[in-house]
Every structure is written in structure tokens, then in C-alpha cells.
Amino acid sequence: MKFAVNHDFHCHTFLSSCSADPEMTSERILRHAEEAGYEAVCLTNHLWDADVPGANAYYAPQDIAHVKKALPLPHSDKVRLVFGCETEFLGGDKLALTPKHFEEFGFILTPVNHFNMLDFTRPASVNTVDGVAELFTARLEELCKLDLPWEKVGIPHLTCILTFKDGDYLSVFQRMDEQRLRPVFRFFAQKGAGIELNAGTLRAEGWERHKEAVLRLYQIARDEGCKFYCGSDAHHPDALNAAALLRQVADVLELTDAQRYRLPNSSF
């Protein structure tokens, strides 16, 4: 059976500073999900837990109290709406969400390649393709050492342009060491984490023109047994229309529905 594009596990409301679009409400997202025939959707606003020191100016206002302004969630008889978050990982053991708050979220996105924030997520001295490829690989390895509720963790936008916005980011993905990547993705597969097919990233990259670079990490993840989910990464209503694009990518990767990530305690 084909991979079901019947969900969106990565979208932002106006509460994310990078959206700030008054039309991007929980109700608008839920309405689109109903119209698209989705079974589940996750709200994943950006988050930095105030109990974690070191937030930068972008993240500091986006604490748990802030993202909880989305609650209570609107209800639908057709779509399961999940309260999640997109936190930040800075390497080592520096995750921007403390364990005592894990249970407050039904899905936790843990990006490792928001490398556009120099001297915060990426040292400014790391400024070559090989250097960024090494940093990205090391961050993935370090993430595996964390004690996370892996069954409700998603690894978003692996091939995001923000990986090396100021350089040849597509080459970064080709330079990453496959022998180091395989154990990482095998770990994610064994722990039950999800790997994201990110529509915003794929659309921006013109993925069909750069298939070899864009799909490489996903192919390795697939071969190591990972499960995948869809994410529009929408910050504005127009970007919610991602199903057709994600259907194409899932087909090229030859994903079946057995390779679809399911949220905990559900069949979605």
C-alpha cells in the first residue's frame, strides 16, 4: 500500500515569531486539514523552555507559556489535532526543552540544522562545506545520546537551506559521511522516531532538479528502517497546501504505508 499523505505534523501558528501571520490560527490549520481529508495534524510552534539558560533574542519570547496560548485546541470530529512544539538542539546535551516538560507535548520536533544563527547554533568559524557537513553529522550523533521520549520525536527538515544558507548547502548533504550516518538513522529507527518529509524545504530547493543531493539522506534513512511523516512547515495559510508535493517525493522514495510514522497511541 502506498504511503498515506493524510497528515501534517509540522506547522506553525502566528505564535511562532517566524510566522506572526494573524491568519495562521489553530482554527485555520484545522479547517484546512478537514478540507484536505487529513486524519491528524500537529501544531509545532517554535519553543525555548525558560528553564534552559542561553536563549537568544529570537527564542527568548517563545517559551512554554507563550506557545500554550494555543490552548485549548479547537475540536474536530474528523481530524486529530495535536499540541506539539519545535524546540532547538545546540549540540552536546543542550536541548531547549527540559525533561520535566516532555509530557506537555504530544509531538516534539528536534531540529539539528538551524545553522543560520551564527555563534548560536553554528560557530561562525565553521564556514566551509566540509566544516558544515562535519558539524551536521556530529550534531546528529550527539542527538542520539540524549534521553528523549523518542516515540514522539520528529527529526525535521534534514535538507533545509538553513543548513548552510551562506554557502553551497546542497553539497553539504553529499559530503556527509555515509558510514557515520547509517548508525544514526538505525538508532532513530530502533527508537521509533520519525523522519520528516518537509514540503517547505523541498519546494524551496527545487528538489526535482537536485534529486541526488536532496534525497540522499532520506534514502539512507529509509534503507536503515526509519519511518517517515509529512510536514508542510507552513508559516502562512498558502503553504498548507503541501499534499501533492509530498505525494511526489514519497513515490520517488518508493515509500509504502508500512514506512509511515504513527503518533503514539494512535493509528494515524
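Reply: Let's start with β3 and β4 (residues 107-109), which pair in the parallel sense over three bridges. Within that pairing, Cys85 has Ile108 of β4 as its bridge partner. Please keep in mind that this is a predicted model.

On to the other partner of β3: β2 joins β3 in the parallel sense too, here over seven bridges. Cys42 is a handy place to look, as it stands opposite Val82 in β3. The strand β3 itself covers residues 80-86, and six of its seven residues are buried, so the rest of the structure largely encloses it.

Stepping back, these strands belong to an open sheet of seven, in the order β1-β2-β3-β4-β5-β6-β7, with parallel pairing. At its edges are β1 (7-11) and β7 (227-231), each of which pairs on one side only. On average, neighbouring strands of the sheet are turned by 30 degrees against each other, direction ignored.

At one of them, β1 runs parallel to β2 (residues 40-46), and three bridges join the two. Here you can find Cys11 standing opposite Leu43 in β2. Although β7 is an edge strand, four of its five residues are buried, so it is largely enclosed by the rest of the structure.

A helix belongs in this part of the picture as well. Helix α7 (residues 211-223) packs on the sheet and touches both β6 (194-198) and β7. The direction of α7 makes about 150 degrees with that of β6.

Finally, have a look at a pair of helices. Helix α3 (residues 129-143) packs with helix α5 (residues 178-191) at an angle of about 35 degrees, their axes lying 10 Å apart. The crossing of α3 past α5 is left-handed. From α3, the residues in the contact are Glu134, Thr137, Ala138, Leu140, Glu141 and Leu143, and they meet Arg180, Leu181, Val184 and Phe188 of α5.

Note on methods:
Residues are numbered from 1 along each chain as its sequence is written. This is a predicted model: local features need pLDDT of at least 70, side-chain atom pairs count only at pLDDT 80 or more; totals for chains, interfaces and linings use all residues. Side-chain values use heavy atoms; hydrogens and water are left out. Two strands pair if DSSP finds at least two bridges between them. Axes are lines fitted to C-alpha atoms, for helices over the stretch in contact, and angles run from 0 to 180 degrees between N-to-C directions. Contact means heavy atoms within 4.5 Å. Buried means under 20% relative accessible area, exposed over 50%, partly exposed in between (1.4 Å probe, protein chains only). A crossing is left-handed if the near helix is turned anticlockwise from the far one by less than a right angle, and right-handed if clockwise.
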